[in-house]
Amino acid sequence: MCRLIEVFEDKEKIGIVLDYCKGVSLYGYLRKMGKLEVGEAFGIVHLLLQVVEEMNQKGFVHRDIKPANIIIDYVEDVGSRGPSAKKK
């Protein structure tokens, strides 16, 4: 999750300023990787559900969850490749 810096609004628009999130969108990752192994797909869904649960516990709702709006980063971990989460 990215840290919320500021929210501002006028009569027509609402603006949200977030920390910069380094990584690639899940959409871009899926396009690059093509078909994923079951374990990697499970890991991505599991991680996404953990993040959504944490957001909900903190009183936030995301109204547009889709691969293009999910930013992932990478870690090399004992033989596995794939997205990971940074909790701040």
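Me: Which side chain meets Glu54 in a salt bridge?
Reply: Lys58, with N to O at 3.2 Å. A salt bridge here is a side-chain nitrogen of Lys or Arg within 4 Å of a carboxyl oxygen of Asp or Glu.

Me: What sort of model is this, and what pLDDT do local features need?
Reply: This is a predicted model, where local features need pLDDT of at least 70 and side-chain atom pairs count only at pLDDT 80 or more, while totals for chains, interfaces and linings use all residues. Residues are numbered from 1 along each chain as its sequence is written, and side-chain values use heavy atoms, with hydrogens and water left out.

Me: Back to that pair. Is Glu54 buried or exposed?
Reply: Glu54 is buried, at a relative accessible area of 16%, whereas Lys58 is exposed at 51%. Buried means under 20% relative accessible area, exposed means over 50%, and partly exposed is in between (1.4 Å probe, protein chains only).

Me: How many salt bridges does the count come to?
Reply: Three. Another one joins the side chains of Asp64 and Lys66, at 3.6 Å from N to O. Asp64 counts as partly exposed, with 38% relative accessibility, and Lys66 is partly exposed too, at 37%.

Me: And what does Arg3 pair with?
Reply: Asp19, again as a salt bridge, 3.2 Å from N to O. That pair links distant parts of the chain, 16 residues apart: Arg3 sits in the segment before S1, and Asp19 in the loop between S2 and strand S3 (24–25).

Me: Switching to the fold. How many helices and strands are there?
Reply: Two helices and five strands, in the order β-β-β-α-α-β-β along the sequence. Both kinds are DSSP runs numbered from the N terminus: helices are H or I with at least four residues, strands are E with at least two.

Me: How do S1 and S2 pair?
Reply: Antiparallel, over five bridges, with S1 at residues 4–9 and S2 at 14–18. Strands count as paired if DSSP finds at least two bridges between them. Leu4 has Leu18 in S2 as its bridge partner, and Phe8 stands opposite Gly15. A hairpin of four residues joins S1 to S2.

Me: Which residues make up the largest nonpolar core?
Reply: Six of them: Leu26, Tyr29, Leu36, Ile44, Ile70 and Ile72. A nonpolar core is a set of buried Ala, Val, Leu, Ile, Met, Phe, Trp, Tyr and Cys residues joined through side-chain atoms within 4.5 Å.

Me: What is Ile70 in contact with, leaving aside its neighbours within four places in sequence?
Reply: Val24, Ser25, Leu26, Leu48 and Ile65. Contact means heavy atoms within 4.5 Å.

Me: Where is Val61, then?
Reply: Val61 is in the loop between helix H2 (38–57) and strand S4 (71–74). Val61 counts as exposed, at 67% relative accessibility. Leaving aside neighbours within four places in sequence, Val61 is in contact with Met55 and Asn56.

Me: Where is confidence lowest and where is it highest?
Reply: Confidence is lowest in strand S5 (residues 83–84), at a mean of 52, and highest in helix H1 (residues 26–33), at 90. Over residues 75–81 the pLDDT is below 50, and that stretch has six contacts in the model beyond near neighbours in sequence. The score is the predictor's confidence in each residue, from 0 to 100.

Me: And what is the mean pLDDT of the protein chain?
Reply: 80, with 82% of residues reaching 70 or more.
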